[in-house]
Amino acid sequence: MNRRVLAVDDERSVLRGLERMLGDSFELFTAEGADAALERFRQEPPFAVVLSDMRMPGKSGAELLAAVRQRWPDTTRMLLTGQTDIESAMSAINEGQIFRFLLKPCSEEVLTRSLEAGCEQHRLLCSERELLEKTLGGTARVLTEILGLVSPELVSKTRRLQLIVNHLTDQTQTEPRWALSLAASMSQLGCIALPPEILERHASGVGFSERDQTLFASHPETASRMLGNIPRLEPVAALIRWQLGPPQGVALDPSLSAAAELLRVAIAYDTLLERGKAAIDCVSALRRKQEYSPRFLAALESLQGVPATSAARAQIRTISVAALEPGMKLEANVMSRSGAIVVPKGRIVSELVLERLQKYALGAGVVEPLRVSGPYDEVE
(Lines give C-alpha, C1' and ligand atoms only; values in the text may rest on other atoms or scores of the structure.)
Protein backbone atom coordinates (compact mmCIF):
# COMPACT_ATOMS: atom_id res chain seq x y z
CA MET A 1 0.00 0.00 0.00
CA ASN A 2 1.21 3.50 -0.86
CA ARG A 3 2.19 5.26 2.39
CA ARG A 4 3.75 8.35 0.80
CA VAL A 5 2.59 11.42 2.74
CA LEU A 6 3.38 15.01 1.80
CA ALA A 7 3.25 17.52 4.67
CA VAL A 8 2.97 21.16 3.62
CA ASP A 9 3.63 24.18 5.86
CA ASP A 10 5.43 27.49 5.49
CA GLU A 11 7.26 27.01 8.82
CA ARG A 12 10.32 24.76 8.68
CA SER A 13 10.12 24.05 12.43
CA VAL A 14 6.61 22.62 12.05
CA LEU A 15 7.75 20.35 9.22
CA ARG A 16 10.69 19.09 11.28
CA GLY A 17 8.31 18.32 14.15
CA LEU A 18 6.09 16.32 11.81
CA GLU A 19 9.12 14.42 10.54
CA ARG A 20 10.09 13.43 14.07
CA MET A 21 6.50 12.49 14.93
CA LEU A 22 5.56 10.57 11.77
CA GLY A 23 8.81 9.60 10.04
CA ASP A 24 8.87 6.07 11.46
CA SER A 25 5.23 5.31 10.53
CA PHE A 26 4.98 6.79 7.03
CA GLU A 27 7.15 7.60 4.04
CA LEU A 28 7.03 11.29 4.88
CA PHE A 29 8.00 14.14 2.54
CA THR A 30 7.79 17.86 3.24
CA ALA A 31 7.28 21.05 1.23
CA GLU A 32 7.59 24.65 2.36
CA GLY A 33 4.51 26.28 0.87
CA ALA A 34 1.96 25.45 -1.81
CA ASP A 35 4.17 26.11 -4.85
CA ALA A 36 6.86 23.75 -3.56
CA ALA A 37 4.18 21.14 -2.86
CA LEU A 38 2.78 21.34 -6.40
CA GLU A 39 6.29 21.00 -7.80
CA ARG A 40 6.82 17.82 -5.78
CA PHE A 41 3.52 16.46 -7.12
CA ARG A 42 4.68 17.13 -10.68
CA GLN A 43 8.16 15.65 -10.24
CA GLU A 44 7.63 12.64 -7.97
CA PRO A 45 5.56 9.42 -7.81
CA PRO A 46 1.97 9.78 -6.54
CA PHE A 47 1.36 10.65 -2.91
CA ALA A 48 -1.26 8.76 -0.96
CA VAL A 49 -2.01 11.72 1.35
CA VAL A 50 -1.30 15.44 1.38
CA LEU A 51 -1.54 17.17 4.78
CA SER A 52 -1.54 20.96 4.47
CA ASP A 53 -1.54 23.92 6.79
CA MET A 54 -4.24 26.51 6.05
CA ARG A 55 -2.50 29.87 6.31
CA MET A 56 0.53 30.13 4.06
CA PRO A 57 2.03 32.99 1.99
CA GLY A 58 0.90 32.93 -1.64
CA LYS A 59 -1.53 30.06 -2.10
CA SER A 60 -3.50 29.03 0.97
CA GLY A 61 -4.04 25.45 2.02
CA ALA A 62 -7.55 25.63 0.57
CA GLU A 63 -6.21 26.69 -2.85
CA LEU A 64 -3.51 24.01 -2.76
CA LEU A 65 -5.94 21.20 -1.94
CA ALA A 66 -8.39 22.38 -4.60
CA ALA A 67 -5.54 22.22 -7.17
CA VAL A 68 -4.55 18.74 -5.96
CA ARG A 69 -8.14 17.57 -6.26
CA GLN A 70 -8.24 18.83 -9.85
CA ARG A 71 -5.00 17.22 -11.05
CA TRP A 72 -4.38 14.32 -8.64
CA PRO A 73 -7.87 13.30 -7.47
CA ASP A 74 -6.74 9.95 -6.02
CA THR A 75 -4.57 11.67 -3.39
CA THR A 76 -6.38 11.95 -0.05
CA ARG A 77 -6.53 15.59 1.06
CA MET A 78 -6.27 16.66 4.72
CA LEU A 79 -6.19 20.10 6.35
CA LEU A 80 -4.44 21.02 9.57
CA THR A 81 -5.46 24.45 10.85
CA GLY A 82 -6.02 26.69 13.86
CA GLN A 83 -9.28 27.68 15.53
CA THR A 84 -9.21 31.15 13.93
CA ASP A 85 -9.26 29.64 10.42
CA ILE A 86 -12.58 27.80 10.74
CA GLU A 87 -14.44 29.95 8.21
CA SER A 88 -11.62 29.63 5.64
CA ALA A 89 -11.43 25.91 6.31
CA MET A 90 -15.10 25.52 5.38
CA SER A 91 -14.20 26.92 1.97
CA ALA A 92 -11.42 24.34 1.66
CA ILE A 93 -13.83 21.55 2.55
CA ASN A 94 -16.22 22.63 -0.19
CA GLU A 95 -13.61 23.33 -2.88
CA GLY A 96 -11.08 20.62 -2.15
CA GLN A 97 -13.39 17.91 -0.79
CA ILE A 98 -11.26 17.40 2.31
CA PHE A 99 -11.10 13.90 3.80
CA ARG A 100 -10.08 15.07 7.29
CA PHE A 101 -10.15 18.49 8.96
CA LEU A 102 -7.77 18.58 11.93
CA LEU A 103 -7.36 21.34 14.49
CA LYS A 104 -4.07 22.53 15.96
CA PRO A 105 -2.66 21.37 18.26
CA CYS A 106 -3.18 17.79 17.07
CA SER A 107 -1.87 14.83 19.08
CA GLU A 108 0.41 12.24 17.53
CA GLU A 109 -2.24 9.55 18.08
CA VAL A 110 -4.99 11.47 16.28
CA LEU A 111 -2.67 12.50 13.46
CA THR A 112 -1.32 8.98 12.96
CA ARG A 113 -4.81 7.47 12.98
CA SER A 114 -6.03 10.06 10.46
CA LEU A 115 -3.12 9.47 8.09
CA GLU A 116 -3.65 5.71 8.30
CA ALA A 117 -7.26 6.27 7.27
CA GLY A 118 -6.10 8.58 4.48
CA CYS A 119 -3.72 5.94 3.08
CA GLU A 120 -6.51 3.36 3.16
CA GLN A 121 -8.85 5.78 1.38
CA HIS A 122 -6.22 6.26 -1.34
CA ARG A 123 -5.90 2.47 -1.72
CA LEU A 124 -9.65 2.06 -2.09
CA LEU A 125 -9.90 4.84 -4.69
CA CYS A 126 -7.06 3.41 -6.76
CA SER A 127 -8.46 -0.12 -6.55
CA GLU A 128 -11.91 1.04 -7.65
CA ARG A 129 -10.49 3.05 -10.55
CA GLU A 130 -8.32 0.16 -11.72
CA LEU A 131 -11.25 -2.24 -11.54
CA LEU A 132 -13.48 0.22 -13.39
CA GLU A 133 -10.94 0.84 -16.13
CA LYS A 134 -10.29 -2.88 -16.67
CA THR A 135 -14.00 -3.74 -16.61
CA LEU A 136 -15.03 -1.00 -19.01
CA GLY A 137 -12.01 -1.53 -21.23
CA GLY A 138 -12.79 -5.25 -21.42
CA THR A 139 -16.42 -4.50 -22.26
CA ALA A 140 -15.32 -2.18 -25.06
CA ARG A 141 -12.98 -4.81 -26.51
CA VAL A 142 -15.68 -7.49 -26.50
CA LEU A 143 -18.18 -5.22 -28.23
CA THR A 144 -15.57 -4.17 -30.79
CA GLU A 145 -14.78 -7.83 -31.48
CA ILE A 146 -18.45 -8.47 -32.18
CA LEU A 147 -18.61 -5.40 -34.42
CA GLY A 148 -15.57 -6.67 -36.31
CA LEU A 149 -17.20 -9.98 -37.08
CA VAL A 150 -20.08 -8.06 -38.66
CA SER A 151 -18.10 -5.34 -40.43
CA PRO A 152 -14.29 -5.04 -40.54
CA GLU A 153 -14.68 -1.63 -42.19
CA LEU A 154 -16.40 -0.28 -39.08
CA VAL A 155 -13.60 -1.60 -36.88
CA SER A 156 -11.08 0.19 -39.07
CA LYS A 157 -13.13 3.35 -38.67
CA THR A 158 -13.22 3.07 -34.88
CA ARG A 159 -9.44 2.60 -34.81
CA ARG A 160 -9.00 5.79 -36.83
CA LEU A 161 -11.40 7.59 -34.53
CA GLN A 162 -9.45 6.46 -31.48
CA LEU A 163 -6.25 7.85 -32.98
CA ILE A 164 -7.91 11.18 -33.74
CA VAL A 165 -9.73 11.44 -30.39
CA ASN A 166 -6.63 10.50 -28.39
CA HIS A 167 -4.62 13.14 -30.24
CA LEU A 168 -7.25 15.85 -29.71
CA THR A 169 -7.59 14.91 -26.05
CA ASP A 170 -3.84 15.12 -25.50
CA GLN A 171 -3.59 18.45 -27.29
CA THR A 172 -6.57 20.14 -25.61
CA GLN A 173 -6.64 18.35 -22.22
CA THR A 174 -10.37 17.71 -22.63
CA GLU A 175 -12.05 15.60 -19.95
CA PRO A 176 -13.32 13.00 -19.20
CA ARG A 177 -10.53 11.35 -21.14
CA TRP A 178 -11.56 7.77 -20.28
CA ALA A 179 -15.11 8.33 -21.53
CA LEU A 180 -13.89 9.91 -24.78
CA SER A 181 -11.57 7.01 -25.53
CA LEU A 182 -14.32 4.45 -24.93
CA ALA A 183 -16.86 6.52 -26.88
CA ALA A 184 -14.53 6.58 -29.89
CA SER A 185 -14.05 2.81 -29.74
CA MET A 186 -17.79 2.06 -29.48
CA SER A 187 -19.27 4.95 -31.46
CA GLN A 188 -20.14 2.78 -34.49
CA LEU A 189 -21.91 -0.04 -32.65
CA GLY A 190 -25.34 1.20 -33.74
CA CYS A 191 -24.33 0.81 -37.38
CA ILE A 192 -24.81 -2.95 -37.14
CA ALA A 193 -28.57 -2.24 -37.39
CA LEU A 194 -28.16 -0.40 -40.72
CA PRO A 195 -28.14 -1.94 -44.23
CA PRO A 196 -24.55 -2.19 -45.55
CA GLU A 197 -25.40 -0.17 -48.67
CA ILE A 198 -26.33 2.86 -46.53
CA LEU A 199 -22.96 2.69 -44.78
CA GLU A 200 -21.21 2.40 -48.14
CA ARG A 201 -23.05 5.41 -49.58
CA HIS A 202 -22.31 7.47 -46.45
CA ALA A 203 -18.61 6.55 -46.55
CA SER A 204 -18.31 7.52 -50.22
CA GLY A 205 -20.69 10.48 -50.12
CA VAL A 206 -22.17 9.31 -53.44
CA GLY A 207 -25.93 8.78 -53.78
CA PHE A 208 -26.55 9.42 -50.09
CA SER A 209 -30.22 10.47 -50.07
CA GLU A 210 -32.30 12.31 -47.49
CA ARG A 211 -33.94 9.02 -46.54
CA ASP A 212 -30.49 7.46 -46.09
CA GLN A 213 -29.51 10.37 -43.86
CA THR A 214 -32.56 9.84 -41.66
CA LEU A 215 -31.76 6.16 -41.22
CA PHE A 216 -28.05 6.81 -40.68
CA ALA A 217 -28.79 9.46 -38.04
CA SER A 218 -30.52 6.79 -35.95
CA HIS A 219 -27.38 4.76 -35.23
CA PRO A 220 -26.11 6.88 -32.30
CA GLU A 221 -29.41 6.37 -30.48
CA THR A 222 -29.20 2.61 -31.11
CA ALA A 223 -25.69 2.40 -29.66
CA SER A 224 -26.62 4.63 -26.72
CA ARG A 225 -29.50 2.30 -25.82
CA MET A 226 -27.20 -0.72 -26.03
CA LEU A 227 -24.69 0.84 -23.63
CA GLY A 228 -27.07 2.69 -21.34
CA ASN A 229 -27.83 -0.41 -19.26
CA ILE A 230 -24.16 -1.05 -18.42
CA PRO A 231 -23.26 0.50 -15.03
CA ARG A 232 -20.72 3.36 -15.17
CA LEU A 233 -21.02 3.68 -18.96
CA GLU A 234 -23.64 6.42 -18.76
CA PRO A 235 -21.20 9.22 -19.79
CA VAL A 236 -19.97 7.11 -22.71
CA ALA A 237 -23.54 6.42 -23.85
CA ALA A 238 -24.31 10.16 -23.66
CA LEU A 239 -21.28 11.09 -25.78
CA ILE A 240 -22.15 8.46 -28.38
CA ARG A 241 -25.74 9.69 -28.53
CA TRP A 242 -24.46 13.22 -29.30
CA GLN A 243 -21.82 12.19 -31.86
CA LEU A 244 -23.70 13.64 -34.85
CA GLY A 245 -25.14 16.65 -33.01
CA PRO A 246 -27.70 17.35 -30.27
CA PRO A 247 -30.72 14.99 -30.42
CA GLN A 248 -34.03 16.83 -30.32
CA GLY A 249 -35.37 17.42 -26.84
CA VAL A 250 -32.35 15.83 -25.12
CA ALA A 251 -30.24 17.75 -22.62
CA LEU A 252 -26.55 16.98 -22.12
CA ASP A 253 -24.70 17.21 -18.83
CA PRO A 254 -22.74 20.50 -19.09
CA SER A 255 -19.59 18.73 -17.89
CA LEU A 256 -19.68 16.63 -21.09
CA SER A 257 -20.31 19.43 -23.60
CA ALA A 258 -16.64 19.93 -24.59
CA ALA A 259 -16.08 16.18 -24.86
CA ALA A 260 -19.19 15.79 -27.03
CA GLU A 261 -17.95 18.49 -29.40
CA LEU A 262 -14.51 16.86 -29.57
CA LEU A 263 -16.07 13.54 -30.61
CA ARG A 264 -18.23 15.29 -33.23
CA VAL A 265 -15.16 17.03 -34.67
CA ALA A 266 -13.25 13.74 -34.84
CA ILE A 267 -16.11 11.97 -36.63
CA ALA A 268 -16.64 14.82 -39.10
CA TYR A 269 -12.91 14.88 -39.85
CA ASP A 270 -12.74 11.12 -40.37
CA THR A 271 -15.78 11.16 -42.66
CA LEU A 272 -14.05 13.66 -44.92
CA LEU A 273 -10.89 11.52 -44.91
CA GLU A 274 -13.03 8.50 -45.91
CA ARG A 275 -14.30 10.45 -48.88
CA GLY A 276 -10.78 11.02 -50.18
CA LYS A 277 -10.01 14.55 -48.99
CA ALA A 278 -6.49 15.50 -47.96
CA ALA A 279 -6.01 16.20 -44.25
CA ILE A 280 -5.42 19.94 -44.75
CA ASP A 281 -8.56 20.22 -46.90
CA CYS A 282 -10.57 18.40 -44.21
CA VAL A 283 -9.62 21.00 -41.60
CA SER A 284 -10.38 23.85 -43.99
CA ALA A 285 -13.80 22.38 -44.78
CA LEU A 286 -14.63 22.05 -41.07
CA ARG A 287 -13.46 25.60 -40.41
CA ARG A 288 -15.75 26.97 -43.13
CA LYS A 289 -18.75 25.40 -41.38
CA GLN A 290 -18.07 27.58 -38.30
CA GLU A 291 -19.57 24.90 -36.06
CA TYR A 292 -16.51 23.79 -34.11
CA SER A 293 -14.21 25.31 -31.52
CA PRO A 294 -10.99 26.80 -32.99
CA ARG A 295 -8.91 24.91 -30.40
CA PHE A 296 -10.10 21.55 -31.74
CA LEU A 297 -9.45 22.59 -35.34
CA ALA A 298 -5.96 23.81 -34.39
CA ALA A 299 -5.30 20.45 -32.75
CA LEU A 300 -6.45 18.69 -35.94
CA GLU A 301 -3.93 20.69 -37.96
CA SER A 302 -1.14 19.25 -35.83
CA LEU A 303 -2.49 15.75 -36.61
CA GLN A 304 -1.55 16.10 -40.27
CA GLY A 305 1.00 13.52 -41.26
CA VAL A 306 -0.47 10.88 -38.92
CA PRO A 307 -1.89 8.10 -41.12
CA ALA A 308 -5.68 7.84 -40.96
CA THR A 309 -5.50 4.05 -41.03
CA SER A 310 -3.28 3.76 -37.92
CA ALA A 311 -0.18 2.34 -39.61
CA ALA A 312 1.71 2.45 -42.86
CA ARG A 313 0.65 -0.34 -45.15
CA ALA A 314 2.97 -3.36 -44.97
CA GLN A 315 3.79 -5.64 -47.87
CA ILE A 316 1.08 -8.19 -48.67
CA ARG A 317 2.20 -11.80 -48.29
CA THR A 318 0.70 -15.30 -48.14
CA ILE A 319 0.85 -17.48 -45.03
CA SER A 320 -0.84 -20.50 -43.47
CA VAL A 321 -3.39 -20.39 -40.65
CA ALA A 322 -0.69 -21.82 -38.35
CA ALA A 323 1.52 -18.75 -39.03
CA LEU A 324 -1.26 -16.22 -38.48
CA GLU A 325 -0.69 -13.73 -35.62
CA PRO A 326 -2.86 -11.13 -33.86
CA GLY A 327 -2.51 -7.70 -35.44
CA MET A 328 -2.22 -8.97 -39.03
CA LYS A 329 -4.73 -7.65 -41.55
CA LEU A 330 -6.60 -10.00 -43.89
CA GLU A 331 -6.19 -8.73 -47.46
CA ALA A 332 -8.68 -11.22 -48.93
CA ASN A 333 -11.75 -13.07 -47.70
CA VAL A 334 -10.91 -16.25 -45.79
CA MET A 335 -13.04 -18.99 -47.35
CA SER A 336 -14.10 -22.38 -46.01
CA ARG A 337 -13.61 -25.40 -48.24
CA SER A 338 -17.38 -25.39 -48.83
CA GLY A 339 -17.19 -21.85 -50.26
CA ALA A 340 -18.53 -19.79 -47.32
CA ILE A 341 -16.82 -16.63 -46.08
CA VAL A 342 -15.31 -17.40 -42.66
CA VAL A 343 -13.76 -13.96 -42.03
CA PRO A 344 -14.14 -11.07 -44.49
CA LYS A 345 -11.37 -9.08 -46.15
CA GLY A 346 -10.09 -6.09 -44.19
CA ARG A 347 -10.37 -7.62 -40.70
CA ILE A 348 -7.53 -7.03 -38.26
CA VAL A 349 -6.82 -10.41 -36.66
CA SER A 350 -7.65 -10.45 -32.95
CA GLU A 351 -7.40 -13.32 -30.49
CA LEU A 352 -11.08 -14.10 -31.20
CA VAL A 353 -10.61 -14.12 -34.99
CA LEU A 354 -7.48 -16.24 -34.64
CA GLU A 355 -9.34 -18.78 -32.53
CA ARG A 356 -12.21 -18.85 -35.04
CA LEU A 357 -9.85 -19.54 -37.96
CA GLN A 358 -7.89 -22.20 -36.07
CA LYS A 359 -11.10 -24.05 -35.21
CA TYR A 360 -12.40 -23.78 -38.78
CA ALA A 361 -9.07 -25.12 -40.05
CA LEU A 362 -9.38 -28.15 -37.77
CA GLY A 363 -13.04 -28.69 -38.61
CA ALA A 364 -14.57 -27.74 -41.95
CA GLY A 365 -11.21 -26.54 -43.25
CA VAL A 366 -10.23 -23.21 -44.81
CA VAL A 367 -8.64 -22.39 -48.13
CA GLU A 368 -4.95 -21.70 -47.66
CA PRO A 369 -2.69 -19.79 -47.99
CA LEU A 370 -4.14 -16.58 -46.56
CA ARG A 371 -3.30 -13.11 -47.90
CA VAL A 372 -2.25 -10.79 -45.08
CA SER A 373 -0.35 -7.60 -44.30
CA GLY A 374 0.93 -6.16 -41.05
CA PRO A 375 0.93 -6.79 -38.18
CA TYR A 376 -0.53 -3.47 -37.02
CA ASP A 377 -0.49 -2.02 -33.53
CA GLU A 378 -3.73 -1.78 -31.59
CA VAL A 379 -4.93 1.70 -30.62
CA GLU A 380 -4.68 2.24 -26.87
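Me: What is a pocket here, and what volume does the largest pocket have?
Reply: A pocket is an open set of grid points with protein on both sides within 12 Å along at least five of seven lines. In this predicted model, the largest pocket has a volume of about 1800 Å³.

Me: Which residues and elements line the largest pocket?
Reply: The lining holds 46 residues, of which Glu-133, Arg-177, Trp-178, Ser-181 and Leu-182 lie nearest the centre of the pocket. Two or more residues each are given by helix H3 (61-71), strand E4 (76-81), helix H5 (108-150), helix H6 (152-172) and helix H7 (177-186), and the largest share, 13 residues, comes from H5. By class, the lining divides into 12 nonpolar, 16 polar and 18 charged residues.

Me: Is Lys-157 buried or exposed?
Reply: A residue counts as buried under 20% relative accessible area. Lys-157, which is found in helix H6, has a relative accessible area of 7% and is therefore buried. Leaving aside neighbours within four places in sequence, Lys-157 is in contact with Gln-188, Asp-270, Thr-271 and Glu-274.

Me: How do I read the packing of helices H10 and H11?
Reply: Two packed helices are described by the angle between their axes and the distance between the axes. For H10 (residues 219-228) and H11 (residues 234-241), the axes come within 8 Å and cross at roughly 175 degrees, and the two helices are therefore roughly antiparallel to each other.

Me: Which residues make the contact of H10 with H11?
Reply: From H10, Pro-220, Glu-221, Ala-223, Ser-224, Leu-227 and Gly-228 meet Val-236, Ala-237, Ile-240 and Arg-241 of H11. This contact has 6 nonpolar, 2 polar and 2 charged residues.

Notes
Residues numbered from 1 in each chain as written. Predicted model: local features only at pLDDT ≥ 70, side-chain atom pairs only at ≥ 80, totals over all residues. Heavy atoms only, no water. Axes fitted to C-alpha atoms, helices over the stretch in contact; angles between N-to-C directions. Helix = DSSP H or I, 4+ residues; strand = E, 2+ residues; numbered from the N terminus. Parallel < 35°, antiparallel > 145°, perpendicular 65-115°, else oblique. Contact = heavy atoms within 4.5 Å. Nonpolar A, V, L, I, M, F, W, Y, C, P; charged D, E, K, R; others polar. 1 Å grid on protein atoms, 1.4 Å probe; cavity = no way out; pocket = protein on both sides within 12 Å on 5 of 7 lines; lining within 4 Å. Points joined across faces, edges and corners; volume = space filled by probe spheres on them. Buried < 20%, exposed > 50% of the residue type's maximum accessible area, 1.4 Å probe, protein only.
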